[in-house]
Each structure stands twice: as C-alpha cells, then as structure tokens.
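Work through the exercises below with the model open beside you. Try each task before you read its solution.

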Amino acid sequence: VQLQASGGGLVQAGGSLRLSCAASGSTFSMYAVGWFRRTPGKEREFVATVSRGGGSTYYADSVRDRFTISRDNAKNTVYLRMNSLKHEDTAVYYCAAALRFGSDFRAYDYWGQGTQVTVSS
C-alpha cells in the first residue's frame with residue numbers, strides 16, 4: 001500500500017483544514033488508517049485512527065471533539081477534518097496503514113509522506 005497525504009497549509013487559529021490520505025492498491029480496505037503528527041523536538045504523536053470499514057474511530061484526547069476521521073473505500077481515501085485549530089496543532093501530519101486498529105505507531109507498516117499544517121496564533 002502506498003499512501004500520499006495532502007491538504008496541509010497555513011490557517012489562522014480557530015480555522016479549519018481537511019487532510020486527505022490517498023492510497024494505491026486494491027487492498028486498501030483491509031487496513032486501518034491512522035493519522036500521526038510530529039513537531040521538531042517532539043516524538044511522533046498519535047492523532048486519530050479509523051477501522052477498515054470505517055465503523056470505528058479513535059482519537060487522541062487533544063483532538064477529540066475537534067477532529068473527525070473518515071474514509072471512503074471506494075475512493076481509497078481517508079480524511080481528517082480539523083476544526084477549531086490551535087497553534088499547538090502545528091506539525092507535520094502523516095497518514096499510515098495497519099492491519100490492526102489502534103494508536104500504537106509501531107503497528108503501522110505503511111507510511112505516507114507528511115503534509116505540513118501551520119496554525120498561526
């Protein structure tokens with residue numbers, strides 16, 4: 001599975017962005033897909049994940065009620081809708097695919113390139 005993240009950019013605090021993670025390959029629906037983020041000097045942080053069929057989602061406490069993850073298996077794409085963005089959401093965001101649903105980055109076998117999200121305060 002090859003993944004490509006897009007949709008990052010510069011936004012003011014309180015604004016919104018939608019990230020997309022497009023996947024190649026016919027086995028996309030076999031994988032849970034998660035979003036992670038990283039800022040300089042910090043470890044990779046789990047953001048959200050969605051199960052293979054889209055019926056289950058899980059969020060980090062820091063983004064719950066602000067971010068929404070969803071997927072469209074017909075389009076081989078996972079989305080991360082980010083509302084009420086805060087300066088501390090500034091990071092490079094990565095999507096990744098795993099056979100297991102969960103928040104542990106070690107379970108994710110396939111990673112896309114990152115997309116930069118910058119939130120100005």
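Buried means under 20% relative accessible area, exposed means over 50%, and partly exposed lies in between (1.4 Å probe, protein chains only). This is a predicted model: local features need pLDDT of at least 70, side-chain atom pairs count only at pLDDT 80 or more, and totals for chains, interfaces and linings use all residues. Residues are numbered from 1 along each chain as its sequence is written, and side-chain values use heavy atoms, with hydrogens and water left out.

**Exercise 1. Classify Phe 46 and Tyr 58 by accessibility, then describe their ring pair.**

Step 1. Phe 46 has a relative accessible area of 12%, so it is buried. Tyr 58 has 41%, so it is partly exposed.

Step 2. Apply the ring rule. Rings of Phe, Tyr and Trp (its six-membered ring) pair if their centres lie within 6.5 Å; planes under 30 degrees apart are stacked, over 60 edge-to-face, and the rest tilted. Phe 46 and Tyr 58 are 5.7 Å apart centre to centre, with 25 degrees between the planes: stacked.

Step 3. Strands (E, at least two residues) are DSSP runs, numbered from the N terminus. Phe 46 is in strand β5 and Tyr 58 in strand β6 (residues 57-59), so the pair ties together parts 12 residues apart in sequence.

**Exercise 2. Find how the rings of Phe 36 and Phe 46 are arranged, and which cluster holds them.**

Step 1. The structure holds six aromatic pairs. In the pair of Phe 36 and Phe 46, the ring centres are 5.7 Å apart and the planes stand at 70 degrees, so this pair is edge-to-face.

Step 2. Phe 36 sits in strand β4 and Phe 46 in strand β5, 10 residues apart. Both Phe 36 and Phe 46 are buried.

Step 3. One aromatic cluster is formed by Phe 36, Phe 46, Tyr 58, Tyr 108 and Trp 111.

Step 4. Look for a charge over a ring (NZ of Lys or CZ of Arg within 6 Å of the ring centre and within 35 degrees of the ring normal). Arg 44 lies over the face of Trp 111, at 4.7 Å from the ring centre. Arg 71 lies over the face of Phe 28, at 4.5 Å.

**Exercise 3. Locate the disulfide and describe its surroundings.**

Step 1. A disulfide is a covalent bond between the sulfur atoms of two cysteines. The cut-off here is sulfur atoms within 2.5 Å. A search of the whole structure finds one.

Step 2. Cys 21 and Cys 95 form it, with sulfur atoms 2.2 Å apart. The link is right-handed, with 75 degrees about the S-S bond.

Step 3. Cys 21 belongs to strand β3 and Cys 95 to strand β9, 74 residues apart. Cys 21 has 0% relative accessible area, so it is buried. Cys 95, also at 0%, is buried too.

Step 4. Turn to Thr 77, in strand β8. Its contacts (heavy atoms within 4.5 Å) include Cys 21, Phe 28 and Arg 71. At 10% relative accessible area, Thr 77 is buried.

**Exercise 4. Name the residues with the most contacts inside the largest nonpolar core.**

Step 1. A nonpolar core is a set of buried Ala, Val, Leu, Ile, Met, Phe, Trp, Tyr and Cys residues joined through side-chain atoms within 4.5 Å.

Step 2. The largest one has 35 residues, and Trp 35, Leu 80, Met 82 and Tyr 93 have the most contacts inside it.

Step 3. Elements giving two or more residues include β3 (17-24), β8 (77-82) and β9 (91-98). β9 gives the most, with six residues.

Key. Helices (H or I, at least four residues) and strands (E, at least two) are DSSP runs, numbered from the N terminus. Lists of a residue's contacts leave out its neighbours within four places in sequence.
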